[in-house]
Amino acid sequence: MRQLAGNKAVAHVEALAHRVGRLERVEPAVRGIVTAVRQEGDAALRRLAEQWDGLKKEESLRVSDRELKAALKSLPPDLIQAMREAAENIRRFAAWQMPKGWMRGQGGVRAGQIIRPLESVGCYVPGGRYPLPSTLLMTVIPAQVAGVERIVCVSPQPRPETLAAAALLGVKEFYRIGGAQAVAAFAYGTKSIPAVNKIVGPGNLYVTAAKKLVAFDCAIDFLAGPTEALVVQHSGRADFIASDLVAQAEHDPEAVCIFITSSAALAKKVEREVALQAENNPIARASLEENGVILIAPSRTQAMQWANQIAAEHLTVEERDLPGVRNAGSVFASAYSAQAAGDYIVGPNHVLPTAGAARSRGGLTVLDFVKVITVQQVTRQGLRRVGPAAIRLAAAEGLAAHADSLRGRVRHA
C-alpha cells in the first residue's frame, strides 16, 4: 500500500469521493443479453447459461428439491451448525428492523401506515471465485422475515455450500443461472422463471450493469460494485487493522481498501503488516498494490471528514468516533469488531452500497422487502375542518375537479 499525506492525500480523497463504477465498458454486451432473454425467453436463457454458467445440456435450469436436500446432507455438521447460528442472528436482527403499522388521529382526521410484504423477490448469489452461502442467508432471511411469499434464488454453477444454505432456509425455487441473463429473467420472466417484483444481491460488472438496465421495469436494491473497506484509527494494533484490509481485498483485484490515520508511526506499522499478511494471498496482494492506500490526516477531525467524503461500503472506526459517522454502508466500532464478523455472523446485512452510494442509503435491510402504505380516514367533522384549506390549494393549482370533489362532500358534511 502506498502512503499519501498533505495535498496528495486531499487530492486522492477527492478522487475517491467521485469514484464511479466501470459499467459503461460492459453495458453494450449486457444490453444484448437482456434483450435476447426478454425476446427469446428460455431459449436464450439456456443458450447463455450453457455458454457462461457451465450449464450442461442434460441439466435442468431449476435445481430440484432432491439436490438441495442432498447438498445439505453432504456438508460437515460443524459447517451446518455455523450456518444455523448465522441464520439465527440475521433473522433476529431483521425482526428488530421490521417496521410497524400505526394509525393516529386528531379532530376527525386519522392517518397512518400499514406494512405489506412484496409478493416476490429474486435473490442473486454470486458463484465466481468463492462459494457464497453467506450471501444467500443475507438476502433470503430478511425477505422471509418481511413475509415475502415467493423467494427465488439464482447462482451460476452453485456449490454444495450454497445449495445447502438454500435447503436450510426452506428455499423452494433455485436456478443454476447467473450473470446478466439471470437478472433479465428476474425482471421480465420466461416460461420457466416467472418475473419477480424486486431483484436483490451483489454481483460482478455484468450483473450490476443488468440491474441498472432493468431498474425501470423491475425494482432493485442498489448497484453494488467491487468491495470497499475503510479503516479510520489513530492507535491500536496494526495487525488487526491490516487484517481487515487484507480480508476485504481478497474478494476482488478491483477491491478498494483504505487506511486513514493521524499517526505516521501507526501508518508505517500497518503498511508492513499488510505486506506480510497479503504475501501468500495473490488476489489481496493485487488489489492492495493497485488500489490500496494509507492516508495521513492532519487531525482526528479531518480523518473523519475524509471518511464521510469517501462514503465507503465497510467502515471501521474507534468507538469514540462513532457519533461523527455520516456516510457508510455498515460501521464496525472497536478493535474486536472485525469486518469479517459482519460478513458472516453478527446479524446486520453484508449486501452493502459501494461507489459512494452510502451517501444516500445503508445496506440491505428488511425494509427492502416491504411496502409502507399510507392510510387516511376522514370523518364529516374532519372534512369540515380541513376541507376549505384543501379547496383553496386545489384552486391555486388550477385543478377544478379536485376542488369540486371536496366542495360536494363539505356541503354534506
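**Buried residues, cores and cysteines in the predicted model**

Threonine 365 is buried, its relative accessible area being 16%. The model described here is a predicted one. Threonine 365 belongs to the loop that runs between helix 14 (339-344) and strand 14 (370-378). A polar atom of the threonine 365 side chain lies 2.9 Å from the backbone nitrogen of leucine 367. When neighbours within four places in sequence are left aside, threonine 365 is in contact with Gln97 and Pro142.

Nonpolar residues were examined next. In soluble globular proteins, nonpolar side chains tend to be buried together. In this model the largest nonpolar core has 42 residues, and those with the most contacts inside it are Val121, Leu136, Val140, Val148, Leu169, Phe174 and Phe369. At least two residues of this core are supplied by each of helix 4, helix 5, strand 4 (120-124), helix 6 (133-146), strand 5 (150-154) and helix 7. Helix 6 gives the largest share, seven residues. Valine 121 touches Ala143, Val148, Arg150, Ile151, Val152, Val196, Lys198 and Phe369, with residues up to four places away in sequence not counted.

Helix 4 (residues 65-74) has Leu68, Ala71 and Leu72 as buried residues. Viewed down the axis of helix 4, the buried residues fall within an arc of 100° and therefore line one face of the helix. An α-helix has 3.6 residues a turn, so residues three or four places apart point the same way. The buried residues of helix 4 are covered by elements including helix 5 (77-97), helix 7 (160-169) and strand 6 (173-175). On the face of helix 4 turned away from the buried side are the exposed residues Arg66, Lys69 and Lys73.

The cysteines were considered last. A disulfide is a covalent bond between the sulfur atoms of two cysteines. With a cut-off of 2.5 Å between cysteine sulfur atoms, the count of disulfides is zero. The cysteine sulfur closest to that of cysteine 123 is in cysteine 153, and because the two are 4.7 Å from each other, they are too far for a bond. Cysteine 218 is likewise in no disulfide, as the nearest cysteine sulfur, that of cysteine 123, is 12 Å away. Cysteine 123 counts as buried, at 0% relative accessibility, and cysteine 218 is buried with a relative accessible area of 3%.

Terms used
Residues numbered from 1 in each chain as written. Predicted model: local features only at pLDDT ≥ 70, side-chain atom pairs only at ≥ 80, totals over all residues. Heavy atoms only, no water. Buried < 20%, exposed > 50% of the residue type's maximum accessible area, 1.4 Å probe, protein only. Helix = DSSP H or I, 4+ residues; strand = E, 2+ residues; numbered from the N terminus. Arc of directions from axis to C-beta. Contact = heavy atoms within 4.5 Å. Core = buried A, V, L, I, M, F, W, Y, C linked by side-chain atoms within 4.5 Å. Polar contact = N/O pair within 3.5 Å; in protein donor to acceptor, adjacent residues only side chain to side chain.
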